[in-house]
Amino acid sequence: MKHFSLNTLLCTIVVASISIAPCECDDKLITDTCSKTPNPPLCVSYIKTDYKSKDVKDVPGLGIIVAQIFELKAKVPKDILFLMLSVGKNPDIQVQMKACFGSYSFLIYTAMPATINAFQVGKPRLAEGYANTAAIGVSDCEKSFNGKSPIHADNIITHDIALILLGIAKQL
């Protein structure tokens, strides 16, 4: 029960921090960009709920926002895994949890900052490579548990965001 309460608390914090202000940005830019991603409605929703999107004027700017959203959303499963590993929960899946924790840590602290930098300096193929790495990393995490990971829902969310990010990077 303690795990459920902590998970609920973390999810509430993430949702509250993303849903801050409505967007006053260029709807056409967002709609056109998101229409070329694997999940246009989800793409539009994530971007429009980010208060920084009101100042975005181009596709790389939208890519930066989605990379930042990935960072934020990916912290939830990473933190859950950290807590589960810290208390020795589920000893039969410790190896998979450690691997997923490492993957999420890499994606949050290395891949996404590099993706953001790649968008900023005009290297879209590099951003595309990191977005692809994120999608594969999250997918591999879930596969290591045979589709039954303790962070299944979070893996789906972060995988969807990684695919949206990849779709945006491919447009440049």
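User: Where is the place of Asn146 in the chain?

Analyst: In this predicted model, Asn146 lies in the loop between helix 6 (124–144) and helix 7.

User: Why does Asn146 count as exposed?

Analyst: The relative accessibility of Asn146 is 68%. The term exposed applies over 50%, so Asn146 counts as exposed.

User: Which loop holds Asn90, and what is the phi of Asn90?

Analyst: Asn90 is in the loop between helix 4 (59–86) and helix 5. The phi of Asn90 is near 55°, again a positive value in a residue other than glycine.

User: Why is Asn90 called partly exposed?

Analyst: Asn90 has a relative accessibility of 31%. Buried requires a value under 20% and exposed a value over 50%. The value for Asn90 lies in between, and Asn90 is therefore partly exposed.

User: How many helices and strands are there in the chain?

Analyst: The chain has 7 helices and 0 strands. Read from the N terminus, the order of elements is α-α-α-α-α-α-α.

User: What makes helix 5 and helix 7 roughly parallel?

Analyst: Two packed helices are described by the angle between their axes and the distance between the axes. For helix 5 (residues 94–121) and helix 7 (residues 152–169), the angle is about 20° and the axes are 13 Å apart. Angles under 35 degrees count as roughly parallel, so helix 5 and helix 7 are described in that way. The crossing of helix 5 past helix 7 is left-handed.

User: Which residues make the contact of helix 5 with helix 7?

Analyst: Helix 5 contributes Tyr104, Met112, Thr115 and Phe119, while helix 7 contributes Asp154, Asn155, Thr158, Leu165 and Ala169. Sorted by class, the contact has 5 nonpolar, 3 polar and 1 charged residues.

User: Why is the pair of Lys28 and Asp32 called a salt bridge?

Analyst: The closest N and O atoms of Lys28 and Asp32 are 2.8 Å apart. A salt bridge requires a side-chain nitrogen of Lys or Arg within 4 Å of a carboxyl oxygen of Asp or Glu. The distance meets that limit, so the pair is a salt bridge. Both residues lie in helix 2 (residues 27–34), 4 residues apart, or about one turn of the helix.

User: Are Lys28 and Asp32 buried, partly exposed or exposed?

Analyst: Lys28 has a relative accessibility of 56% and counts as exposed. Asp32, with a relative accessible area of 33%, is partly exposed.

User: How do you know that Asp50 and Lys52 form a salt bridge?

Analyst: The N to O distance between the side chains of Asp50 and Lys52 is 3.8 Å. The limit is 4 Å, so Asp50 and Lys52 form a salt bridge. Asp50 counts as buried at 10% relative accessibility, whereas Lys52, at 31%, counts as partly exposed.

User: Why is Thr33 called buried?

Analyst: Thr33, which is found in helix 2, has a relative accessible area of 2%. This value is under 20%, and Thr33 is therefore buried. Of the 172 residues of the chain, 44% count as buried.

User: Which residues are in contact with Thr33, leaving aside its neighbours within four places in sequence?

Analyst: With those neighbours left aside, Thr33 is in contact with Val59, Leu62, Ile168 and Gln171. Between Thr33 and Cys43, the C-alpha to C-alpha distance is 8.8 Å, and the two residues are 10 residues apart in sequence.

Definitions and conventions: Residues numbered from 1 in each chain as written. Predicted model: local features only at pLDDT ≥ 70, side-chain atom pairs only at ≥ 80, totals over all residues. Heavy atoms only, no water. Axes fitted to C-alpha atoms, helices over the stretch in contact; angles between N-to-C directions. Helix = DSSP H or I, 4+ residues; strand = E, 2+ residues; numbered from the N terminus. Parallel < 35°, antiparallel > 145°, perpendicular 65-115°, else oblique. Left-handed = near helix turned anticlockwise from the far one by under 90°. Contact = heavy atoms within 4.5 Å. Nonpolar A, V, L, I, M, F, W, Y, C, P; charged D, E, K, R; others polar. Buried < 20%, exposed > 50% of the residue type's maximum accessible area, 1.4 Å probe, protein only.
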